[in-house]
Amino acid sequence: MKSAQIAPIVINEIDEMIYVSNIETYELIYMNRTARELLGCTQESQWLGQPCYKVVRGRDTPCDFCTNERLLKEGDCTWEQYYEKLGRHLYLKDKLIELDGENVRLEMAVDTTKMQRVSNELKRKLLAEETLIQCVSTLHQGENSATAINQLLSIIADYHQAGRSYIFEIDYEKNIVRNTYEWCREGVEPQIAYLKEVPLSVIDRWMEQFESQGEFYITSLDEAMEYNSAEYEILEKQRIESLLAAPLRVDGQITGFLGVDNPKQNTDTLVLLQSVATFVVDDIQKRKILERLYELSYQDRLTGVGNRHAYMEYLEALEKKPKQSLGIVFADINGLKIANDSYGHEYGDKMIKSAARILKNIFQEYVFRIGGDEFVAFSIGITREEFARLTERLRQICGQSRNTTISLGTIWLEENRNVEEHVIQADKLMYVDKQVYYDKCLKEREEQEENAAIKLQRMLKRQQISPDQIQVRLPDNIPKEETREALVRELQGMGFVVEDFK
């Protein structure tokens, strides 16, 4: 068999699609078997003499991307295209040849779909790995944990082309889940303010999925959950149509989750969320340790207000702030030592916490415990009249308290300068207030004792009570022994029961 006879057989049997068309009229002159089968041309009349753009491309007019003009200039060309009609990626090689004295176009199309898929998968894996490296680098290089995590969420949202990315943390003690971090694309309304205390029961179904399969993808809100469920209501209110989520675990326990809303890319892979979750957990744990260290360094453990260390730093910061008015309150708990001695330190601690709570309710964050029973509070940028109203309210609340009273020294300044000196002045004013308090208490006690003595005399006179029902206790500060003994004998002679403390 001659080569001229072998060539058509080989061309007809190869897997690549080959066709030949007239470059002037677009009419098809030849199609090999692969081309005919792929294009569904079972009869010769379906393709022979028909325009190539109609048979091959399914168009009524020549293709916008036709290479005929280019072939006439260059003689050949290669190009790639996704062929929608066949759902395939093709590598095309066109060549201008002469056939029976006419210029014709020879096109061979190699199906690169499998190769393209492999390439795309490799690119996607590479992109995922590059994105993961970027995420890890962002977390480790960021000086501020919150800023670093927000940048991380931005990277994840870009990878998935999502409108919003976020982190939720679970509080098992309160049985709630909190949105602690959030990143939103421009035009997407932030939701973090509304998701601070979501009942854990709302995500029961999610928790089951996290336990059974780990990461998951909700492709359709309507198909994935019941219309009248709390879960549907929360997501629908946020205009969430789909979402990706991955659990965060500490020692095997689910402590939260990482998610993205309405993703448009890379929805068929959860590898990035899965990988990043581990690093996010580490960073959150680091943040909690730092927060705890901060609390120990700057927060009074008993009351939760600032401690003396925080107070000293705040004094220094106040001096550096722009000039503005300042109200200072120096507060001291009345009778704390007596309470500790009489009822124990647990009762005294309750008094301290009560005082801190009262001060914090009025002066918010600028409250410091600088000693056992001493507090200092500040109010910045406040008028004299406003500060007077605050301190009067403080005195009223303390006056209504059943077990905690506080002596106060208050000063209002036009400018926040020489603050420490004015705190000392407020301290002195507090001692004046405390003396007034104790003088009042002493007077009230004397009146009570006098009233009690008068009442006792009346009861004895009216014989409502007999002397032997009264127990008299002598103090140990009677100077002379003979005086003491004489007093005991006299009282006993009157019928009183006498207990000598000496």
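Leaving aside residues within four places in sequence, serine 325 is in contact with Ser379, Ile380, Gly381, Ile382, Thr383, Trp412, Leu413, Glu414 and Glu415. In this predicted model, serine 325 belongs to the loop that joins helix 11 to strand 12 (326-333). With a relative accessibility of 15%, serine 325 counts as buried, because the cut-off for that class is under 20%. Its side chain also takes part in a polar pairing, in which one of its polar atoms lies 2.7 Å from the backbone oxygen of isoleucine 382.

Helix 11 itself has 13 residues, which at 1.5 Å a residue should span 18 Å, and the 19 Å between its end C-alpha atoms agrees with that expectation. Its buried residues are Ala310, Tyr311, Tyr314, Leu315 and Leu318. Viewed down the helix axis, these buried residues fall within an arc of 140°, so they line one face of helix 11. At the start of helix 11, a side-chain oxygen of asparagine 307 comes to within 3.2 Å of the backbone nitrogen of histidine 309.

Glycine 306 is found in the loop between helix 10 (271-298) and helix 11 (308-320), and it is buried, with a relative accessible area of 12%. If residues up to four places away in sequence are not counted, glycine 306 touches Tyr298, Gln299, Asp300, Val367, Phe368 and Arg369. For phenylalanine 368, which is 62 residues from glycine 306 along the chain, the separation of the two C-alpha atoms is 4.4 Å.

Conventions:
Residues numbered from 1 in each chain as written. Predicted model: local features only at pLDDT ≥ 70, side-chain atom pairs only at ≥ 80, totals over all residues. Heavy atoms only, no water. Helix = DSSP H or I, 4+ residues; strand = E, 2+ residues; numbered from the N terminus. Buried < 20%, exposed > 50% of the residue type's maximum accessible area, 1.4 Å probe, protein only. Contact = heavy atoms within 4.5 Å. Expected span 1.5 Å × (residues − 1). Arc of directions from axis to C-beta. Polar contact = N/O pair within 3.5 Å; in protein donor to acceptor, adjacent residues only side chain to side chain.
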